[in-house]
Amino acid sequence: MFASSIRAASARTLTHLCALVLLVAVGLGSELRVRVRLSDGAVTDEVLEADSERDSISLEYKQGDGTLITFVADFKQDVKIFRALILGELERGQNQYQALCFISRLNRNEIIPSESMARLRQKNPQAIRLAEERRGLEQLTMNVAVSLSRAWQLSSHIHNMCSEAREAIYTREADVKYWLDKGVDGSIFEVLPQTTEAPSFPACHSTKDLWQPCLCTYSLRLEWYPCLLKYCRSRDTTGRGSTYKCGIKSCSKGYYFNYYVAQKQLCLWDEET
């Protein structure tokens with residue numbers, strides 16, 4: 001990932017202000033590893049990859065509890081995918097890990113374009129990054145299940161991303177309406193028991209019965225990602241001004257998912273403390 005070189009006069013200042021810069025060297029790889037401090041204070045390696053041909057970006061990191069979080073932005077289809085691989089509680093009858101996938105519409109200006117991400121390089125790979133802007137928590141009611149076998153209509157990334165989740169791939173009704181209007185086949189969606197219209201379903205954290213249907217919650221945070229491009233100004237010898245890409249702004253954003261599960265056993269992390 002790359003961009004224009006920085007003028008010598010401002011190089012020292014920008015080195016301190018911009019953790020990452022865009023450099024104009026074509027042909028470099030598209031993977032970027034960034035050291036990030038998580039909310040609990042732990043430091044983790046975050047891997048960002050850009051695929052300009054498929055017009056997509058992926059971000060992946062491991063939480064302190066061992067959960068692997070993966071995020072993909074598919075710009076071609078305006079789709080974003082969150083996947084969590086959560087270590088199971090074997091002593092409570094769970095598998096080695098449990099996979100969740102949440103799919104929603106990708107809005108413009110949520111993250112920098114894939115071609116800009118593909119040019120991104122950092123000057124100090126050992127630095128621990130903190131986001132410049134901490135964006136608000138987004139709460140999403142995921143009340144529709146998505147069929148893995150037909151999900152290619154939404155995004156070609158879903159099958160590889162969510163194959164382990166299979167029966168735990170969720171989206172929102174509002175996003176389904178948007179995709180149906182774009183011509184996506186409605187057979188890939190199945191409406192789940194409505195979280196707002198089914199008060200008989202308790203919250204998973206409030207029930208002790210492991211086999212009772214309930215409303216589960218799962219939260220995650222993208223602690224560091226490039227959300228905006230930065231532009232610098234320069235003047236030529238005639239005094240005419242111009243702008244050029246000279247770096248990125250980093251953001252942090254949390255997501256809170258609420259969804260139905262057929263049994264509390266599938267939501268053991270959501271318990272009263």
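Predicted model: local features only at pLDDT ≥ 70, side-chain atom pairs only at ≥ 80, totals over all residues.
Ser 252 sits in strand β16, residues 241-261. Its relative accessibility is 2%, and because buried means under 20%, Ser 252 counts as buried. Now show the side chain of Arg 221 as well: a polar contact of 2.8 Å links it to the side chain of Ser 252.

Next, select Cys 251 and Cys 227, which form a disulfide with an S to S distance of 2.0 Å. Cys 227 belongs to strand β15 and Cys 251 to strand β16, so this pair ties together parts 24 residues apart in sequence. The torsion about the S-S bond is about 60°, so this disulfide is right-handed. Cys 227 and Cys 251 are both buried.

Stay with strand β15 (residues 214-235) and pick Cys 216; its partner, Cys 267, lies in the segment after β16, 51 residues apart.

Then move to Cys 101 and Cys 162, joined by a disulfide with S to S 2.1 Å. Cys 101 is in strand β7 (residues 97-105) and Cys 162 in helix α3 (residues 158-162), so the bond ties together parts 61 residues apart in sequence. Here the torsion is about -95°, so the disulfide is left-handed.

Finally, zoom out. The whole structure holds four disulfides, and the protein chain has four helices and 16 strands.

Terms used. Residues numbered from 1 in each chain as written. Heavy atoms only, no water. Helix = DSSP H or I, 4+ residues; strand = E, 2+ residues; numbered from the N terminus. Buried < 20%, exposed > 50% of the residue type's maximum accessible area, 1.4 Å probe, protein only. Polar contact = N/O pair within 3.5 Å; in protein donor to acceptor, adjacent residues only side chain to side chain. Disulfide = S-S within 2.5 Å.
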